[in-house]
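My plan is to look up a few places one by one and to write down what I find.

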Amino acid sequence: MYKKLLHQMATAKRVQNVLLLGGTHGNEMSGVYVAKQFLKNPAQITKDSFKTTVLMGNPMAVEKCTRYIDVDLNRQFTKENLNGTNPNTNYEVKRVREMWETLSTHSTNPDVVLDMHNTTANMGNCFIIKNQSQIFDLHLINYVVEKATFPAPAHILCIENPNHAYSCSRDIAPNGLALELGPQPQGVLLAEMFQRMQELVVNSMNFIEEFNSGVVSDSFQTDAYNITDKVDFPRDADGNITAMIHPRLQDRDWEAVNKGDPLFLTFDGKTITYDKQETRYPVFINEASYYEKNLAFWLTRKETLDIPSLKME
């Protein structure tokens, strides 16, 4: 589907503050160690026109090398948690409030959030945004993809459907995206992934500096994938999984599935196929951390977007 967003130049406000988050999930090691590196040596992300704050999202989970302690931090950025009215005292709720207080106390409430993640799925360089009207974010993504020297497939994932949205760090700023790099095992640090992540972050800062200096970004076209459906594993009456990701689907994130294509393989060897008419594109196929969320993969709709040129207001 071809979607024309705007027919004129877009504008965005000057960026004053950027938040770089690593360790939102404590066992996603590229984000953890890129954050540690920039906390130790921030020279590459220090710019004249804006302030960058680097935070370790979930330090206790990082210490234990686990996804989270009590609940998934990446679902806790609600207004109730940020303003401290949630009576729940689990660690991640308190941690969200601590981070927000730190930013507010130092007048660094972010204009842009970059949240670094890894996935066990074959997602390449995945950029997650809230919706397709985030023109600034789309220009930033286009810039860092063009500048990349560590080649990897790059895709944009949108979570516009409120039934599939969740309260994450992207929600606390006008512009925000998650960097999801994969495939990478949980609790493992891979040099190539570290380098890819580091370069994406540095080039993101370079884009923001150029934008603040008045550089106009040209219009362009890009593909984006919008989540349409959540697909769980087949289960029995007791909730037990009865089938696995089919070998012909495994590691084929972003590739089209059509009616009759295999999705699952039961333990006794039967194939379960896709039975809808619409072509869809699965993502986060067999992501390890999604088993607890009853999620085998997301289905998405592919769209081509016409992105207007961008300049600072």
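In which loop is Pro-183 found? I located Pro-183 in the loop between β8 (175-182) and α6, where helices (H or I, at least four residues) and strands (E, at least two) are DSSP runs numbered from the N terminus. The peptide bond from Gly-182 to Pro-183 is cis, with omega near 5°.

Before going on, I noted that this is a predicted model, in which local features need pLDDT of at least 70 and side-chain atom pairs count only at pLDDT 80 or more, while totals for chains, interfaces and linings use all residues. Residues are numbered from 1 along each chain as its sequence is written, and side-chain values use heavy atoms, with hydrogens and water left out.

Next I turned to α6 (residues 191-212) and its crossing with α1 (residues 29-40): their axes (lines fitted to C-alpha atoms over the stretch in contact) come within 9 Å and cross at roughly 55°. That angle, taken between N-to-C directions on a scale from 0 to 180 degrees, makes α1 oblique to α6, a term for what is left after roughly parallel (under 35 degrees), roughly antiparallel (over 145) and roughly perpendicular (65 to 115). For the contact (heavy atoms within 4.5 Å), I listed residues including Tyr-33 and Phe-38 of α1 and Met-197 and Val-201 of α6.

Leaving aside neighbours within four places in sequence, Leu-179 is in contact with residues including Phe-127, Met-197, Leu-200 and Val-201.

Is Phe-284 buried or exposed? Phe-284 counts as buried because its relative accessibility is 3%, whereas Asn-286 is partly exposed at 21%; buried means under 20% relative accessible area, exposed over 50% and partly exposed in between, with a 1.4 Å probe and protein chains only.
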